[in-house]
Amino acid sequence: QVQLVESGGGLVQAGGSLRLSCAASGRTFSIYAMGWFRQAPGKEREFAAAISWSGRSTYYADSTKGRFTISRDNAKNTVWLQMNSLKPEDTAVYYCAAPRNMGWGPELTNAYEYDYWGQGTQVTVSS
């Protein structure tokens, strides 16, 4: 059973930075892409970023591009989301996710492709 445990959320002022971590276990981490999604109160869960199994390819939502960076270390079974220049509209619960299939493509910006989710970590950005 795949388990994902996020950490690193918190309260930060607008313009600040946070780094989220996701520790994965339960299957061979290094052969699957990984993703980060977020859900703000009253809104649907939305894609934030995804990274290929090798770490050489990434996707970002338009809202996170240029401010967020997704990275991974396959030796540590960990994926990170570095968030800079945070805005109040970034306030949400952030979820780490692992897809059901191996492979890489734009479909990995869709939550439907992910079977495994962490418990979420709250990020609050004050103005």
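Visitor: How many residues sit between β4 and β5 in their hairpin?
Guide: There are six residues between β4 and β5. One thing to keep in mind as we go: this is a predicted model.

Visitor: Okay. Which glycine in that turn has a positive phi?
Guide: That's glycine 42, with a phi of about 75 degrees.

Visitor: How many bridges hold β4 and β5 together?
Guide: Five bridges, with the two strands pairing in the antiparallel sense. Strand β5 covers residues 46–51.

Visitor: What's the bridge partner of phenylalanine 37 in β5?
Guide: In β5, phenylalanine 37 is partnered with phenylalanine 47.

Visitor: And which residue does phenylalanine 37 stand opposite in β9?
Guide: Tyrosine 95. Strand β9, residues 92–99, is antiparallel to β4 too, and five bridges join β9 and β4.

Visitor: Is β4 largely enclosed or exposed?
Guide: Largely enclosed by the rest of the structure, because five of its six residues, 34–39, are buried. Buried here means under 20% relative accessible area.

Visitor: Switching topic. What's the strand order in the open sheet of four strands?
Guide: The order is β1-β3-β8-β7, and the pairing is antiparallel.

Visitor: Which strands are at the edges there?
Guide: β1, residues 3–7, and β7, residues 68–73. Each of those edge strands pairs on one side only.

Visitor: How many degrees are neighbouring strands of that sheet turned against each other?
Guide: On average 15 degrees, ignoring direction.

Visitor: Which residue in β8 does isoleucine 70 stand opposite?
Guide: Leucine 81.

Visitor: What about the loop between β7 and β8, which residue is found there?
Guide: Asparagine 77 is found in that loop. Asparagine 77 has a positive phi of about 50 degrees, although it isn't a glycine.

Visitor: Why does asparagine 77 count as partly exposed?
Guide: Because its relative accessibility is 27%, and partly exposed covers the range between under 20% for buried and over 50% for exposed.

Visitor: Where does serine 85 lie?
Guide: In the loop between β8 and β9. Serine 85 also has a positive phi of about 50 degrees without being a glycine.

Visitor: What's the relative accessibility of serine 85?
Guide: It's 42%, so serine 85 counts as partly exposed.

Key
Residues are numbered from 1 along each chain as its sequence is written. This is a predicted model: local features need pLDDT of at least 70, side-chain atom pairs count only at pLDDT 80 or more; totals for chains, interfaces and linings use all residues. Side-chain values use heavy atoms; hydrogens and water are left out. Two strands pair if DSSP finds at least two bridges between them. Axes are lines fitted to C-alpha atoms, for helices over the stretch in contact, and angles run from 0 to 180 degrees between N-to-C directions. Buried means under 20% relative accessible area, exposed over 50%, partly exposed in between (1.4 Å probe, protein chains only).
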